[in-house]
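Welcome! Open your viewer, get your selection tool ready, and follow along stop by stop.

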Amino acid sequence: MIPVTSFAGKTVAVFGLGGSGLASCHALKAGGAEVIAGDDSADNVAKAAQAGFMTADLRKVSWANFAALVLTPGAPLTHPAPHWSVLAAREAGVEVIGDIELFCRERRRHAPDAPFVAITGTNGKSTTTALIAHLMRFAGYDTQMGGNIGTAILSLEPPRMGRVHVIEMSSYQIDLCPSLDPSVGILLNVSEDHIDRHGTVEHYAAVKERLVAGVQPHGTAIVGVDDGWSRNTADRIERSGKRVVRISVKNPLADGIYVERETILRAAGGARTEIARIGGIGSLRGLHNAQNAACAAACALALGVSTEVLQNGLRSFPGLAHRMEQVGRRGNVLFVNDSKGTNADAAAHALSSFADIFWIAGGKPKLGGITGLAEFFPRIRKAYLIGEAAQEFAGTLGDRVPHEISETLDVAVANAARDAEASGLADPVVLLSPACASFDQYRNFEIRGAAFRDLVTALPGVKPVVVVAREGG
């Protein structure tokens, strides 16, 4: 835990008592603050009370003595309208911040030069965060990973020299962190998303930009420049005097890091050098993962990791559970769990990564279905359709893709495994990438992915895919 000493002797309101909210309460109390906790959920309030915190309906208390409101990222700060607690705080002149802002203030007070990596982007945040954390651990660093990827930042160990904090940040979290100042800031990409919470794509992009614009004076801003929003961000930050490393997986760069034929290259001063090769690394298949790997490589180099250690670290990256996760092999058939592919755009990344696919898809359908995936249909040898979306998807596939309505995941896995093995293809892949939510048959995508993993490993002759991590110096 990271005690928050910056509010010692003061009273702080905390609204939203989920994982990060409760962690904030503990951290503030450990640092000497008095906490008044509130939530719209009676169950969450009860949990906070059981943990020993003073709770209250924050609508009915005086805000005169609050030094700050620590707000859950789930509550809107601006759009479609500010949360009622935000309005109450503003009326009382109380600042509204989040848990990552508390971390930033503690780091500045106690270890301002401790390495702090912050990662954002519309797509790829979690994989890049996990990959950077893996690379830094592989290089021998004490590495703390958290934020939007799962562990509340204040539940991690405190900042200190030699300890790297690798933190995934959503736009909601950036909004609540006005003094965000990482030593390495990474903006992967920007595309239209979360407009309901930011009003316009312009505002959404501006919030994302703050993460890389705020890097420390001698820090590094790493920016993917394959979209217009991010290219403009890179130009503005460079004009402000910050060090910018541009990343591209679509075009060679005169100055920056780019990917060409599955090789990560660095260009500077008219010369280019090879940094690492990602061809054949199963956990980093696809153009989207090439961008993740290039950004992670740029980060590792900025923090002093050698190219040799970087290459070995990339090779040993196991990937994230439920995201292009290699589950097992039977003969030449590879089984891949991409249960996190809960919409067509996400499934496109997986479908673009393999040539001969036995595709398991379906679940609770989302707007647009799979009509946008038509360019990948030639890669699909057969589709196995499950859940509520099965009939709709069958209609979209029509005569273009052989398919069956399997209805349930167990039937789909058994039939896809049988057909892939009998296909005679060199590298057939049984791929679960549903392009749908899980809620019709499973409580969440993790449970669906775990069910797929269990079904695959129970098949006769399946051998788990094991990535052996060799520690570097």
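Rings of Phe, Tyr and Trp (its six-membered ring) pair if their centres lie within 6.5 Å; planes under 30 degrees apart count as stacked, over 60 as edge-to-face and the rest as tilted. By this rule there are 3 aromatic pairs. Select Trp 63 and Phe 66: their ring centres are 5.1 Å apart and their planes stand at 90 degrees, so this pair is edge-to-face. Both Trp 63 and Phe 66 are buried (under 20% relative accessible area, with exposed over 50% and partly exposed in between, using a 1.4 Å probe and protein chains only).

Before moving on, a word on the model. It is predicted, with local features needing pLDDT of at least 70 and side-chain atom pairs counting only at pLDDT 80 or more, while totals for chains, interfaces and linings use all residues. Residues are numbered from 1 along each chain as its sequence is written, and side-chain values use heavy atoms, leaving out hydrogens and water.

Next, pick Phe 103 and Phe 116, an edge-to-face pair with 5.0 Å from centre to centre and 70 degrees between the planes. Phe 103 belongs to helix H4 (residues 99–110) and Phe 116 to strand S6 (residues 116–120), so the pair ties together parts 13 residues apart in sequence. Helices (H or I, at least four residues) and strands (E, at least two) are DSSP runs, numbered from the N terminus.

Now for the backbone. Most residues other than glycine have a negative phi, and most peptide bonds are trans. Select His 79 and Pro 80 to find a cis peptide bond, with omega about -5 degrees. Finish at Arg 261, whose phi is positive, about 50 degrees; at 74% relative accessibility, Arg 261 counts as exposed.
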